[in-house]
Amino acid sequence: MGMISDPTEKALFVNVGGVRMSRQGFWKIIKYYQEKAGIEKDITPHTLRHSFGSWLGQQDVPIYTVGDLMGHSSLEMTRRYAKLADEDRKRAVALLDDVK
């Protein structure tokens, strides 16, 4: 038997019983590894979600694909990641300007 107990389950994260992990269970895992890694900044499931969306934007993934992967219902919600990617590019160019 595989890790997922129900073959129709669409959850990305499942618990040891093979069923959809609760948000509290996922939060506890994040907190455990945050502490184990000695990270002082607060990390939440939303932090990971936002980091994933930002990373996709930095990789020049088309905005429609980012929105689909993030489960956004409108393109307006996804545009913030495109904006973040643009800001990262500006910072990178500014750093290059300082190299002489």
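A residue counts as buried when its relative accessible area is under 20%. Keep that cut-off in mind, since it comes back several times below. One more thing before we start: this is a predicted model.

**Helix α4**

In α4, the residues Thr-78, Tyr-81 and Ala-85 are buried. And what do the buried residues of α4 pack against? Their partners are α2 (45-58) and α3 (63-70).

The helix itself runs over residues 75-98, which makes 24 residues. At 1.5 Å a residue, it should span 34 Å, and its end C-alpha atoms are 35 Å apart, so the two values agree.

**How confident is the predictor?**

Across the protein chain, pLDDT averages 85, and 97% of the residues score at least 70.

**Aromatic pairs**

Now for some rings. A pair of aromatic rings is described by the distance of the centres and the angle of the planes. How many aromatic pairs turn up in a search of the whole structure? The search finds two, and here they are:

| Pair | Centre to centre | Angle between planes | Type |
|---|---|---|---|
| Phe-13 and Phe-26 | 4.5 Å | 35 degrees | tilted |
| Tyr-32 and Tyr-33 | 4.9 Å | 85 degrees | edge-to-face |

Why is the Phe-13 and Phe-26 pair called tilted? Planes under 30 degrees apart would count as stacked and planes over 60 as edge-to-face; the planes of these two rings are at 35 degrees, so the pair is tilted.

This pair also links distant parts of the chain: Phe-13 belongs to the segment before α1 (23-36), while Phe-26 is in helix α1, 13 residues away.

**Gln-34 in helix α1**

Let's finish with a residue that sits in helix α1, Gln-34. With a relative accessibility of 10%, Gln-34 counts as buried, because that value falls under 20%. If you skip its neighbours within four places in sequence, Gln-34 is in contact with Ile-39, Glu-40, Lys-41, Asp-42 and Ile-43.

Definitions and conventions. Residues are numbered from 1 along each chain as its sequence is written. This is a predicted model: local features need pLDDT of at least 70, side-chain atom pairs count only at pLDDT 80 or more; totals for chains, interfaces and linings use all residues. Side-chain values use heavy atoms; hydrogens and water are left out. Rings of Phe, Tyr and Trp (its six-membered ring) pair if their centres lie within 6.5 Å; planes under 30 degrees apart count as stacked, over 60 as edge-to-face and the rest as tilted. Helices (H or I, at least four residues) and strands (E, at least two) are DSSP runs, numbered from the N terminus. Buried means under 20% relative accessible area, exposed over 50%, partly exposed in between (1.4 Å probe, protein chains only). Contact means heavy atoms within 4.5 Å. The expected span of a helix is 1.5 Å times one less than its number of residues. pLDDT is the predictor's confidence in each residue, from 0 to 100.
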